[in-house]
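Keep the model open beside you as you read.

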Amino acid sequence: MKSGRGRGRGLAGWTAGIPVVLVALPMAARGRLPDPLATHWGGPSGTPDGASSFGGAIALPTGVWAVLVLGVVVAAAARARAATALLPAGVALAGAQAAIVRANLDREDWRQAELPTAWVAVAVCAAAVLAALAGMLIDRRAPGRARGGGGPADLGPVMDVPAGERFVWLARTSNPWLGLTAGVLGAGAAAGAVLGVGGLVAGPAWLAAALVLGLAALAVLVCSSVRARVTGEGLEVAFGPLGWPVRRWPAAAVESARVEDRRPAQVGGWGYRLSGLGTTVMLRAGECLVVRAGGRDFAVSVDDAARGAALLNSLARCGGGGGGVERR
């Protein structure tokens, strides 16, 4: 499914990007670093007590990352939790590499390297925790096999739901170009953060730039994919790979549902758009599920919109009525 391919592409980009950071960061500061570099600090005084050659400081974290990725690829159970494992591990390795570069920067000898200040460790740990939570949500929402259930194949504007039967309709759509844009903006934010933590850029400008780029990446990412779900409760539209934020319409509040062909030029572009047609989540041109509630239209570009509209109309007419058989 499209969302599954998006998850795979994102993890592939993350897998390839982390080694680039681990290598590029010390290479960018090579002329300002001693050889060997301090890589371990011990005791309450934070005195460096371990060092590694410049090449070793690059090879060790890169090798650790390669082993971790290989383990995820080989083990089937680990593949199902790939994002949960790889996201925080990548953040931790990149953060540790940045801290080592910062500690050794402009030192003539590795014994002069000072242990990074506490805020660096706090920032790296906080980022790793957030990455772990994001990974858990991504893995939890990864598409699996569709669950069974029969039902009419040729649907009209209203689905005939037999007495005692319950249906759930689910559709996902993603826009790879919006996902790529979010990735580029996110990479810029990450680069600014890593360079700032590594001490290669000074002043508050790097923090402001990383924050602006990070917020922009998040906004675009939220609008890059969507999941629409119709159950007995009504319609639920979840945004982004984490399925948040979520908009909901109770079945009883839905006045009508229909299918409509819409184009980006009609609604003002891509993503979450407001226009004379109402609200449209435009991820690809073509058929949209259009719901009218409270006198306003909300449209989302998803496949199989006719089936979703038919089921939603049926539920709206009978005031809701549960769900259990999932049709994707």
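First, what counts as a strand here: a DSSP run of E, at least two residues long, with the numbering going from the N terminus. With that settled, find D297, which sits in strand β11. Bear in mind that you're looking at a predicted model.

Is D297 buried or exposed? Buried means under 20% relative accessible area, so D297, with its 15%, counts as buried. Its side chain makes a polar contact with the side chain of R292, at 2.9 Å. Now look across to G278: 19 residues separate it from D297 in sequence, yet their C-alpha atoms are 5.1 Å apart in space. Setting aside neighbours within four places in sequence, D297 is in contact with L277, G278 and T279, with V290, V291 and R292, and also with R258.

Staying in that part of the chain, go to T280, which belongs to strand β9 (residues 278-282). T280 counts as buried because its relative accessibility is 0%. What does the side chain of T280 make a polar contact with? The partner is the side chain of R262, at 2.7 Å. R262 also turns up among the residues T280 touches, along with V267, G271, Y272, R273 and A299, if you skip those up to four places away in sequence.

The largest nonpolar core has 29 residues, and W169, L235, V237, L289 and V302 have the most contacts inside it. At least two residues each come from the strands β3 (167-174), β4 (225-231), β5 (234-239), β7 (254-262), β10 (286-293) and β11 (296-300), and from the helix α9 (305-318). Which element gives the most to this core? That's α9, with six residues.

Not counting residues up to four places away in sequence, V302 touches W169, A171 and T173, then V226 and A228, and finally R284, E287 and L289. Two of these, W169 and L289, are also on the list of residues with the most contacts in the core.

With 31% relative accessibility, D304 counts as partly exposed. Its backbone deserves a look too: D304 has a positive phi of about 60°, although it is not a glycine. D106 does likewise, again with a phi of about 60°, and you'll find D106 in the loop between α4 (82-104) and α5. For background, most residues other than glycine have a negative phi, and most peptide bonds are trans.

One joins D35 and P36, with omega at about 10°, and P36 is in the loop between α1 (2-28) and β1 (37-42). Another joins W244 and P245, where omega is about 0°; P245 lies in the loop between β5 and β6 (246-250).

Which residues make a nonpolar surface patch of about 380 Å²? They are V129, L130, L133 and M136. M136 is in helix α5 (residues 118-140), and at 38% relative accessibility it counts as partly exposed.

Terms used
Residues numbered from 1 in each chain as written. Predicted model: local features only at pLDDT ≥ 70, side-chain atom pairs only at ≥ 80, totals over all residues. Heavy atoms only, no water. Core = buried A, V, L, I, M, F, W, Y, C linked by side-chain atoms within 4.5 Å. Buried < 20%, exposed > 50% of the residue type's maximum accessible area, 1.4 Å probe, protein only. Helix = DSSP H or I, 4+ residues; strand = E, 2+ residues; numbered from the N terminus. Contact = heavy atoms within 4.5 Å. Patch = residues over 30% accessible without salt bridge, like charges linked within 9 Å, V, L, I, M, F, W, Y side chains within 5 Å. Areas by Shrake-Rupley, 256 points an atom, 1.4 Å probe, with all protein chains shown as cover. Salt bridge = Lys/Arg side-chain N within 4 Å of Asp/Glu carboxyl O. Polar contact = N/O pair within 3.5 Å; in protein donor to acceptor, adjacent residues only side chain to side chain.
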